[in-house]
Amino acid sequence: MLVTNNSTGTVYLFENSKEVLNKKIDGTIKNAFLDKYGNMALEYSNESGFNNVISVFDKRGRNKFDAYLTQENIISMKMLNNAEKIVFIEAVTNSSNIGVKFRMIDISKSEEEQIKDIVALDNQFVYDFNIQGKNIYALLDNKIIQIDIDTGNVTPLKEFNNTQLIFVALNKNYYTYLERNLQENKYVIENMNYNGTKISTTSIESLPKSMITSDFVNYYIYPNHVFILNKWGIELKSHETNFTPKQCVVFNNNKSLALIYTNKIQPIKLPN
């Protein structure tokens, strides 16, 4: 867990409930990102006059590299190859449009080639993205797209035009969406590989309040029960509840769900 005091520039890193790092950054922190190895990418402005600096540190606080960017703000970021590469999204605003730009930092390249523009998307916003190999998969306002990191070519994978989209989520190797079929007046859950092949289709009669997804198991939260399916459309469990939780968190390698209420946390564990 990474905790930052943005105004003082202090960074705290916790591992297994223990504080393993307490570090001071010379500047005002704007954003902080953490990967599974404990690498930290910090976006900040410093006292030397640079408005957008990205500094990457390992979990011991050792600096891996610094990058100096334009004044656009970073929306999201993914660290790759133990933070040797970073793919990030900047907000782009000018007099004619508002959009986003995908960029990459690769410290294995020469200094003048380390920062690369991948593609700019005008009048779009990115809600989520993940990276598999040389491709970025991104969720936009009305579609899911694939972006080739090397060429910047954009390929639409799923457009939400003829149906009413309710929920959608990007997972590691597939994406999930729940939509209402307007012609048949029913709800459909579909899990799709990024290569376009369908993994599963499931029809449900009523609309859940929320959907929580993971690499293999998806949870559909109703006011009085939780309906649990795996990515292949097989029902794993239906668990009764008394109230709609305020928040839900997947843990235990996707095998458990924590239902968070005002005054308690109720765990749900899948059968072995």
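User: Hi! Let's start with D150: is this residue buried or exposed?

Analyst: Hello! D150 is exposed, with a relative accessible area of 53%. Please keep in mind that this is a predicted model.

User: Good to know. Where is D150 found?

Analyst: D150 is in a loop, the one between β14 (143–148) and β15 (154–159).

User: And how many residues apart in sequence are D150 and K134?

Analyst: They are 16 residues apart in sequence, and their C-alpha atoms are 7.0 Å apart in space.

User: Let me step back to the overall picture. How many helices and strands does the protein have?

Analyst: There are 26 strands and zero helices. The C-alpha trace spans about 60 × 45 × 35 Å along its principal axes. Of the 272 residues, 45% are buried.

User: On to sheets, then. In what order do the strands of the open sheet with β8 come?

Analyst: The order is β8-β9-β10-β11, four strands with antiparallel pairing. The edges are taken by β8 (74–80) and β11 (115–122); each has a single partner strand, so one side of each lacks a neighbour in the sheet. On average, neighbouring strands here are turned by 20° against each other, direction ignored.

User: How many bridges are there between β10 and β11?

Analyst: Seven bridges, in the antiparallel sense, with β10 covering residues 98–106. In that part of the sheet, F102 stands opposite V119 in β11.

User: What about the open sheet with β4: which strands are in it?

Analyst: That one runs β4-β5-β6-β7, again four strands paired antiparallel. Its edge strands are β4 and β7 (63–68), each pairing on one side only.

User: Changing topic: how many aromatic pairs does a search of the whole structure find?

Analyst: Eight aromatic pairs turn up. One of them is F125 with Y127, an edge-to-face pair at 5.2 Å centre to centre and 75° between the planes. F125 counts as partly exposed because its relative accessibility is 37%, while Y127 counts as exposed at 53%.

User: How do F216 and W232 pair, stacked or edge-to-face?

Analyst: They are stacked, 6.4 Å centre to centre with 20° between the planes. This pair links distant parts of the chain, 16 residues apart: F216 is in the loop between β20 (210–213) and β21 (217–221), and W232 is in the loop between β22 (225–230) and β23 (235–240). As for accessibility, F216 is partly exposed at 43%, and W232 is partly exposed at 49%.

User: Which residues do ring pairs link into a cluster?

Analyst: The cluster holds Y137, F160, Y175, Y177 and Y194.

User: While we're on rings, which ring does the charged end of K78 sit over?

Analyst: The ring of F129, with the charged end of K78 at 5.3 Å from the ring centre. There is also K264, which lies over the face of Y261 at 5.5 Å from the ring centre.

User: Last topic, the backbone. What is the phi of S17?

Analyst: Near 70°, a positive value in a residue other than glycine. Most residues other than glycine have a negative phi. S17 is found in the loop between β2 (10–15) and β3 (18–24), and S17 is exposed, with a relative accessible area of 75%.

User: And A83, what is its phi?

Analyst: A83 has a positive phi of about 70°, and A83 is not a glycine. Its place is in the loop between β8 and β9 (85–93).

User: Is A83 buried or exposed?

Analyst: A83 counts as buried, because its relative accessibility is 0%.

How values were computed
Residues are numbered from 1 along each chain as its sequence is written. This is a predicted model: local features need pLDDT of at least 70, side-chain atom pairs count only at pLDDT 80 or more; totals for chains, interfaces and linings use all residues. Side-chain values use heavy atoms; hydrogens and water are left out. Two strands pair if DSSP finds at least two bridges between them. Helices (H or I, at least four residues) and strands (E, at least two) are DSSP runs, numbered from the N terminus. Axes are lines fitted to C-alpha atoms, for helices over the stretch in contact, and angles run from 0 to 180 degrees between N-to-C directions. Rings of Phe, Tyr and Trp (its six-membered ring) pair if their centres lie within 6.5 Å; planes under 30 degrees apart count as stacked, over 60 as edge-to-face and the rest as tilted. Buried means under 20% relative accessible area, exposed over 50%, partly exposed in between (1.4 Å probe, protein chains only). A charge sits over a ring if NZ of Lys or CZ of Arg is within 6 Å of the ring centre and within 35 degrees of the ring normal.
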